[in-house]
Structure formats: structure tokens, C-alpha cells
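Morning, everyone. I'd like to walk through aromatic contacts today. Please have a look at the model first.

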Amino acid sequence: MSSKPPRLIVGLGNPGAEYTETRHNAGFWFCERLADSMGVRFTRESRFHGQVGKGADGVWLLMPDTFMNRSGQSVGALARFYRIEPDEILVIHDELDIPPGQARLKFGGGLGGHNGLKDITSHCGTQDFWRLRLGIGHPGDRNAVVSYVLKPPRKEEHEAIDTAMERALSAWPDIARGAFEVATQKINARPARGKEATP
């Protein structure tokens, strides 16, 4: 497990107004909030196929414009250009296997069928990068997954996801200094009763 401070923060989602409020864009939601807290503004960078910003501490923020299934094209381009190693990358994405209101910070491991993670792994040549998994819940039927992730969450689900994101944002100073063990304890803590939604 790496304890290097991250140099690249990637929020996953789909570009376009029709996708803005959908569950699959939870990574974009978090990345935008993090940028706001850091005073970072995004600009479109065609060479990196996405919206890019840079914090005062030198960390890069990226939201790919490639659509979810080709996220690795954007991540790989920026990481290669700035010589950022996979274990210096943190990817924020929606997670079906976690209920709204919960989040998980982890290093490496399986891809859980997430097409964005699959493409990043393909371009980086490894699964060994950090992930912040934001729970969106599961529809209960695998055949309904595509429709589910491309729809907005219910009001109570959105509130629960917001709570999880706020908890993760509060751990950002720990992540920024590479104290992932401390950050993991804060982020992975189960929410108080009433702060978690069931799909």
C-alpha cells in the first residue's frame, strides 16, 4: 500500500447537462466540491481530454470529458505528461455495492465491474491506485444497473451521498499529506443512524 501524497485527483462521470445529476456522476460531484474548497478553477485541456485544475500545493484535479468508459484515455494522458505514478493517483467514483451514506477509501483491489476503473487500469497498466468509492446503492437487479446509474438519486439518497462526501472532504487534509490510514478511518466510519439511505 502506498503512502505517497497524491499528485492527481480524478473524479469520474459523464460530460453533458443530461448526466449532471445522475448517480454515475458522483465522482464529478466530489471533485467539484474539493476544487471549491481548494479555490481551484477548472479549464478545458484538450491534450488531457478533460477539465483540469491545479491546487496551490501542486496537486492536479481532473474530470475526464471522454465519457465514463474511456476515462483512462484522459487519466493516462495527464499522468504520463507530468510523470505521475499510479500510486500517486486517487480516483473518486460511484459504487453500487455500498449504500448511499457510506464511502470507502482503498488502495488497489478489484474493479467491481466499473468500466471507468477498467479503462484507467488498462491505460495505467495496473490496478494499484487509490480509490474513493462513494456509495450509490444497487437497484437489486443486475439488468437494471445501466438505467439506475444514469438516473438521479432519490432525495433521501442524495442527502445521504452528500453526507458521505462531506465526511470524505473533512479527511482531505490527511489524504493530502499521505496519511491514508488516518483518512481511511474517518471516511470508512459508518454514518450515524438516519444518515444512510437504503435503495
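Is Tyr19 buried, partly exposed or exposed? Tyr19 is partly exposed, because its relative accessible area is 21%. Here, buried means under 20% relative accessible area, exposed means over 50%, and partly exposed is in between, with a 1.4 Å probe and protein chains only.

Two notes on method. This is a predicted model, where local features need pLDDT of at least 70, side-chain atom pairs count only at pLDDT 80 or more, and totals for chains, interfaces and linings use all residues. Residues are numbered from 1 along each chain as its sequence is written, and side-chain values use heavy atoms, with hydrogens and water left out.

Now ring pairs. Rings of Phe, Tyr and Trp (its six-membered ring) pair if their centres lie within 6.5 Å; planes under 30 degrees apart are stacked, over 60 edge-to-face, the rest tilted. That rule gives seven aromatic pairs. Take Tyr19 and Phe67: ring centres 6.0 Å apart, planes at 85 degrees, so edge-to-face. Phe67 is partly exposed, at 40% relative accessible area.

Next, Trp130 and Phe180. Their centres are 3.8 Å apart and their planes at 5 degrees, so this pair is stacked. Both residues are buried.

There is also a cluster: ring pairs link Phe48, Trp60, Phe81 and Tyr82.

Last, charges over rings (NZ of Lys or CZ of Arg within 6 Å of the ring centre and within 35 degrees of the ring normal). Arg23 lies over the face of Tyr148, 3.7 Å from the ring centre. Arg131 has its charged end over the ring of Phe129, 4.6 Å from its centre.
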